[in-house]
Amino acid sequence: MIRKLRLRFIAVAALCAAIVITFVSLGIVFSNRQQTLQSIDGMLTLLVQNEGRFPNTASKQSAKPDRPARTNESTAMRSPETPFRTRYFAAVTDENGNILRLNTDNLASLSEKEASALVESALQSGKDEGKSGVYYYRIAPHEEAENRTVVVFLNCEVEIASMHTLLRICILVSLLSLLLVTLLAFALSGAAIRPFVLNLQRQKEFVTGASHELKTPIAVIQSNVEVLELTSSENKWTKNIRAQSERLIKLAKDLTALAREDEERPREHFGEVDLTALAETAAEQFSDAAALAEKTLVSEIQSGVRVRGDGEQLASLLSILLDNAVKYADGGKIRFSVSEKGGKATIRTSNRCPVLPKDKLGKLFDRFYRADEAHSGKRDGFGLGLSIASAVVRAHGGKISAAQDADGILSVTAILP
């Protein structure tokens, strides 16, 4: 239990750290991407509005005066060096898509033929803007000449590489951060769960001590009852005293067993157990008890079922499940089966009982829980049996569950590896 609690603490800490780190990394990556796309958009807008040229170079290449600053120009023109760092080409086409002017002076990686092919592909796509490889492009009507179109392709190879680099860095930093948090959680998990461990140890000591201390007064009570029966014969009062003292003895044994089962035992000491033989013995023992209660125990035990575990604990598990089924079955048949499939052994008891709410099914394995509260005083037991069974199954690395169908058939299933 302590080991599982420690692992759960580490897992929760790592999960919380992973969520936070992921959101922070995604925020950084998407923020960078948004800023990069805004920068590309501003640059394309600037070039399209100035016929594929920068404003400060337009006057040198034509007789027209410089245009006034337009939307996004101040954002795109970060410095006077921007025109010399920007790689792009632009074209002016007529209404039929024929290229009238192609400017590739600011690009060395493409020939005019390749640039023309990209322009024609962009015009045929029917989109006003898009992406082709490492190029982002925009198509807009010429602002002065009718029936003409300006097409600008911007080389964003550096920007795309920067985004990918940032993404890789964020992934690497996130993984390293997660690893560091996991290691720290592992190192500090012992101190974090120490209060719980101490509380659990005190609880076990109290349960064990109380169970031990109960034995002496119970033994005295039983001795006195025997003396009374010898001197004044047996009567209903002595019978009641004997019955209640026997219940107290069973409670003490159950508490001791529960405290013992909660202790983590190394599985290296487990041996091979013939579950079939244990099941047949248990079924034989409880057949008479079921018959006395006017119930029928039907057993379906597969031969050759073997598991790795503690034989004494597994025998206790089978007895608890059968005792619970016989005790709480509302007449009819009680089915008990043991089978093996896929390397796992399945133990199942099924019996009819009043329909339980779904929220109560999960509580059947809680300590001192009694689902049949109306008859809790009429039946022996303190609600510890299934709790002990659950502890045994967990100690063997298995799972136990309860389910009930619409007809009121309650099935308790234990699966052992």
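Trainee: What should I know before I start?
Mentor: This is a predicted model, where local features need pLDDT of at least 70, side-chain atom pairs count only at pLDDT 80 or more, and totals for chains, interfaces and linings use all residues. Residues are numbered from 1 along each chain as its sequence is written, and side-chain values use heavy atoms, with hydrogens and water left out.

Trainee: How many helices and strands are in the protein chain?
Mentor: The protein chain has 12 helices and 12 strands. Both are DSSP runs, numbered from the N terminus: helices are H or I with at least four residues, strands are E with at least two.

Trainee: And how much of the chain is buried?
Mentor: Buried residues are 37% of the 417 residues. Buried means under 20% relative accessible area, exposed means over 50%, and partly exposed is in between (1.4 Å probe, protein chains only).

Trainee: What about contacts along the sequence?
Mentor: Take contacts between residues at least 6 apart in sequence: 65% of them join residues at least 24 apart. A contact here means heavy atoms within 4.5 Å.

Trainee: Let's do sheets. What is the strand order in the antiparallel one?
Mentor: The order is S2-S1-S5-S4-S3, in an open sheet of five strands. S2 and strand S3 (129-132) are the edge strands, and each pairs on one side only. From one strand to the next, the twist averages 20 degrees. Two strands pair if DSSP finds at least two bridges between them.

Trainee: What holds paired strands together, in general?
Mentor: Strands of a sheet pair through backbone hydrogen bonds, either parallel or antiparallel.

Trainee: How many bridges join S1 to S2?
Mentor: Four bridges join S1 (residues 88-93) to S2 (residues 99-103), and the two run antiparallel. Alanine 91 is opposite leucine 102 in S2. S1 and S2 make a hairpin with five residues between them. In its turn, glycine 97 has a positive phi of about 85 degrees.

Trainee: And S4 with S5, how many bridges there?
Mentor: Seven bridges pair S4 (residues 135-141) with S5 (residues 149-155), again in the antiparallel sense. Proline 141 has threonine 149 in S5 as its bridge partner. Helix H5 (residues 112-125) packs on this sheet and touches S1, S2, S3, S4 and S5. The direction of H5 makes about 60 degrees with that of S1. Axes are lines fitted to C-alpha atoms, for helices over the stretch in contact, and angles run from 0 to 180 degrees between N-to-C directions.

Trainee: Which strands form the mixed sheet?
Mentor: Five strands form that open sheet, in the order S7-S9-S10-S12-S11. S7 and strand S11 (399-404) are at the edges with a single partner strand each, so one side of each has no neighbour in the sheet. The twist averages 15 degrees from one strand to the next.

Trainee: New topic. How many aromatic pairs are there?
Mentor: A search of the whole structure finds five. Rings of Phe, Tyr and Trp (its six-membered ring) pair if their centres lie within 6.5 Å; planes under 30 degrees apart are stacked, over 60 edge-to-face, and the rest tilted.

Trainee: Why are tyrosine 135 and phenylalanine 153 called edge-to-face?
Mentor: Their planes are at 70 degrees, so the pair is edge-to-face, with ring centres 6.4 Å apart. Tyrosine 135 is in S4 and phenylalanine 153 in S5, 18 residues apart. Both residues are buried. Ring pairs also link Phe89, Tyr135, Tyr137 and Phe153 into a cluster.

Trainee: Last one. What phi does glutamate 51 have?
Mentor: A positive one, about 60 degrees, although glutamate 51 is not a glycine. Most residues other than glycine have a negative phi. Glutamate 51 lies in the loop between helix H1 (2-49) and helix H2 (55-61).

Trainee: Is glutamate 51 buried or exposed?
Mentor: Glutamate 51 counts as buried, at 8% relative accessibility. Glutamate 294 also has a positive phi of about 60 degrees, but it counts as exposed, at 72%.
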